[in-house]
Amino acid sequence: MTHTVRRIGRTLAFVLPVVMVLSGTLAVTAVPWAASNSDSQLLAASARTVPDAKQAKVRAPEDVLRDRLLQDLRAKDPGVALTELQRAVEGRPSLAKHCMSIAKTLGKAAVDKYGPTRAHRFSRPVCDTSFASGVAQFS
(Lines give C-alpha, C1' and ligand atoms only; values in the text may rest on other atoms or scores of the structure.)
Protein backbone atom coordinates (compact mmCIF):
# COMPACT_ATOMS: atom_id res chain seq x y z
CA MET A 1 0.00 0.00 0.00
CA THR A 2 2.74 2.48 0.94
CA HIS A 3 4.63 1.62 -2.22
CA THR A 4 1.58 2.47 -4.38
CA VAL A 5 0.94 5.75 -2.58
CA ARG A 6 4.61 6.71 -2.91
CA ARG A 7 4.54 5.88 -6.61
CA ILE A 8 1.41 7.99 -7.18
CA GLY A 9 3.01 10.84 -5.22
CA ARG A 10 6.17 10.75 -7.36
CA THR A 11 4.13 10.70 -10.54
CA LEU A 12 2.06 13.70 -9.42
CA ALA A 13 5.20 15.52 -8.29
CA PHE A 14 6.57 15.23 -11.81
CA VAL A 15 3.36 15.69 -13.83
CA LEU A 16 1.72 18.59 -11.96
CA PRO A 17 4.53 21.16 -12.44
CA VAL A 18 4.72 20.28 -16.14
CA VAL A 19 0.96 20.72 -16.53
CA MET A 20 1.01 24.02 -14.62
CA VAL A 21 3.86 25.43 -16.72
CA LEU A 22 2.19 24.44 -19.96
CA SER A 23 -1.21 25.80 -18.96
CA GLY A 24 0.36 29.06 -17.77
CA THR A 25 2.23 29.44 -21.04
CA LEU A 26 -0.93 28.84 -23.02
CA ALA A 27 -2.87 31.30 -20.87
CA VAL A 28 -0.29 34.05 -21.43
CA THR A 29 -0.22 33.53 -25.19
CA ALA A 30 -3.99 33.96 -25.32
CA VAL A 31 -3.77 37.50 -23.88
CA PRO A 32 -4.18 40.14 -26.65
CA TRP A 33 -1.04 42.09 -25.71
CA ALA A 34 1.14 39.01 -25.96
CA ALA A 35 -0.06 37.79 -29.34
CA SER A 36 1.80 38.57 -32.51
CA ASN A 37 -0.82 37.19 -34.86
CA SER A 38 -4.15 38.84 -35.52
CA ASP A 39 -6.33 35.80 -34.74
CA SER A 40 -6.30 36.24 -30.98
CA GLN A 41 -6.59 40.01 -31.29
CA LEU A 42 -9.60 39.56 -33.54
CA LEU A 43 -11.15 37.31 -30.92
CA ALA A 44 -10.49 39.85 -28.18
CA ALA A 45 -11.89 42.68 -30.29
CA SER A 46 -15.04 40.72 -31.10
CA ALA A 47 -15.64 40.07 -27.40
CA ARG A 48 -16.01 43.79 -26.68
CA THR A 49 -19.46 45.25 -26.73
CA VAL A 50 -20.26 48.24 -28.87
CA PRO A 51 -21.76 51.04 -26.80
CA ASP A 52 -25.13 52.31 -27.84
CA ALA A 53 -25.81 55.96 -28.69
CA LYS A 54 -26.64 57.00 -25.11
CA GLN A 55 -23.39 55.60 -23.71
CA ALA A 56 -21.31 57.18 -26.47
CA LYS A 57 -22.57 60.68 -25.57
CA VAL A 58 -21.70 60.41 -21.86
CA ARG A 59 -18.51 62.33 -21.16
CA ALA A 60 -16.02 61.71 -18.42
CA PRO A 61 -16.44 63.94 -15.33
CA GLU A 62 -12.94 65.36 -15.71
CA ASP A 63 -13.70 66.46 -19.28
CA VAL A 64 -16.90 68.16 -18.19
CA LEU A 65 -15.04 69.89 -15.35
CA ARG A 66 -12.21 70.98 -17.67
CA ASP A 67 -14.64 72.52 -20.15
CA ARG A 68 -16.60 74.30 -17.43
CA LEU A 69 -13.43 75.71 -15.86
CA LEU A 70 -12.15 76.90 -19.24
CA GLN A 71 -15.43 78.73 -19.78
CA ASP A 72 -15.11 80.32 -16.34
CA LEU A 73 -11.53 81.33 -17.06
CA ARG A 74 -12.54 82.99 -20.32
CA ALA A 75 -15.59 84.70 -18.78
CA LYS A 76 -14.00 85.75 -15.48
CA ASP A 77 -10.37 85.12 -14.57
CA PRO A 78 -8.03 82.19 -13.81
CA GLY A 79 -8.33 82.78 -10.06
CA VAL A 80 -12.01 81.88 -10.13
CA ALA A 81 -11.32 78.78 -12.22
CA LEU A 82 -8.52 77.63 -9.89
CA THR A 83 -10.74 78.08 -6.84
CA GLU A 84 -13.48 76.05 -8.48
CA LEU A 85 -10.95 73.36 -9.44
CA GLN A 86 -9.76 73.10 -5.86
CA ARG A 87 -13.34 72.86 -4.57
CA ALA A 88 -14.24 70.24 -7.17
CA VAL A 89 -11.27 68.06 -6.21
CA GLU A 90 -12.06 68.42 -2.51
CA GLY A 91 -15.71 67.57 -3.14
CA ARG A 92 -14.95 64.67 -5.46
CA PRO A 93 -11.58 63.05 -4.65
CA SER A 94 -11.75 60.82 -7.74
CA LEU A 95 -10.93 63.93 -9.79
CA ALA A 96 -7.59 64.38 -8.01
CA LYS A 97 -5.70 62.25 -10.51
CA HIS A 98 -6.81 64.63 -13.29
CA CYS A 99 -6.17 67.81 -11.33
CA MET A 100 -2.66 68.40 -12.68
CA SER A 101 -3.65 68.08 -16.33
CA ILE A 102 -6.68 70.34 -15.83
CA ALA A 103 -4.54 72.96 -14.08
CA LYS A 104 -1.97 72.85 -16.90
CA THR A 105 -4.76 73.33 -19.43
CA LEU A 106 -5.97 76.32 -17.42
CA GLY A 107 -2.41 77.67 -17.44
CA LYS A 108 -2.28 77.43 -21.24
CA ALA A 109 -5.65 79.16 -21.55
CA ALA A 110 -4.49 81.91 -19.18
CA VAL A 111 -1.39 82.50 -21.32
CA ASP A 112 -3.59 82.68 -24.40
CA LYS A 113 -5.90 85.23 -22.75
CA TYR A 114 -3.55 87.35 -20.62
CA GLY A 115 -0.04 86.65 -21.85
CA PRO A 116 2.70 84.94 -19.82
CA THR A 117 3.53 87.78 -17.42
CA ARG A 118 -0.01 88.54 -16.33
CA ALA A 119 -1.02 84.87 -16.27
CA HIS A 120 1.71 84.11 -13.70
CA ARG A 121 0.05 86.50 -11.26
CA PHE A 122 -2.87 84.10 -10.87
CA SER A 123 -0.66 81.16 -9.81
CA ARG A 124 -1.70 79.31 -6.66
CA PRO A 125 -0.59 76.07 -5.03
CA VAL A 126 -3.50 74.13 -6.53
CA CYS A 127 -2.56 70.63 -7.73
CA ASP A 128 1.14 70.99 -6.94
CA THR A 129 1.46 74.31 -8.77
CA SER A 130 0.53 72.72 -12.10
CA PHE A 131 -1.11 75.96 -13.21
CA ALA A 132 2.25 77.75 -12.96
CA SER A 133 3.86 74.85 -14.78
CA GLY A 134 1.30 75.16 -17.58
CA VAL A 135 1.87 78.91 -17.79
CA ALA A 136 5.63 78.41 -17.98
CA GLN A 137 5.34 75.60 -20.52
CA PHE A 138 3.16 77.59 -22.90
CA SER A 139 4.82 81.01 -22.51
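This is a predicted model: local features need pLDDT of at least 70, side-chain atom pairs count only at pLDDT 80 or more; totals for chains, interfaces and linings use all residues.

Visitor: What makes something a helix here, and how many helices and strands does the chain have?

Guide: Helices are DSSP runs (H or I, at least four residues), strands are DSSP runs too (E, at least two), and both are numbered from the N terminus. By that rule the chain comes to 8 helices and 0 strands. Read from the N terminus on, the order is α-α-α-α-α-α-α-α.

Visitor: How do you know that the span of helix 6 agrees with what it should be?

Guide: The expected span is 1.5 Å times one less than the number of residues. Helix 6 (residues 99-114) has 16 residues and should therefore span 22 Å, and its end C-alpha atoms are 22 Å apart, so the two agree. Helix 4 passes as well: its 15 residues reach 21 Å from first C-alpha to last, close to the 21 Å expected.

Visitor: Which residues is A110 in contact with?

Guide: Contact means heavy atoms within 4.5 Å. Leaving aside neighbours within four places in sequence, A110 touches L73, P78, G115, A119 and F131. Take L73: it is 37 residues from A110 in sequence, and the C-alpha atoms are 7.4 Å apart. Across the chain, 64% of contacts between residues at least 6 apart in sequence join residues at least 24 apart.

Visitor: What makes R66 count as buried or exposed?

Guide: R66 comes in at 17% relative accessibility, so it counts as buried. You'll find it in helix 4, and beyond its neighbours within four places in sequence it is in contact with S101, I102 and T105.

Visitor: How do you know where the buried residues of helix 4 sit around the axis?

Guide: The buried ones are E62, L65, R66, L69, L70, D72 and L73. They cover an arc of only 160 degrees around the axis (taken from the directions from the helix axis to the C-beta atoms), which puts them on the same side of helix 4. They pack against helix 5 and helix 6. On the other side of helix 4, Q71, R74 and A75 are exposed.

Visitor: And what about the buried residues of helix 8?

Guide: Those are S130, F131, G134 and V135. Their arc is only 145 degrees, which means they are on the same side of helix 8. Their cover includes helix 5, helix 6 and helix 7.

Visitor: Why is the pair of Y114 and F122 called tilted?

Guide: A pair of aromatic rings is described by the distance of the centres and the angle of the planes. Rings of Phe, Tyr and Trp (its six-membered ring) pair if their centres lie within 6.5 Å; planes under 30 degrees apart are stacked, over 60 edge-to-face and the rest tilted. The structure holds 1 aromatic pair. The ring centres of Y114 and F122 are 5.3 Å apart and their planes are at 40 degrees, so the pair is tilted. Y114, at 17% relative accessibility, counts as buried, and F122 is buried with 19%.

Visitor: Why does D128 count as exposed?

Guide: D128 has 65% relative accessibility, so exposed is the label. Its place is the loop between helix 7 and helix 8.

Note on methods. Residues are numbered from 1 along each chain as its sequence is written. Side-chain values use heavy atoms; hydrogens and water are left out. Buried means under 20% relative accessible area, exposed over 50%, partly exposed in between (1.4 Å probe, protein chains only).
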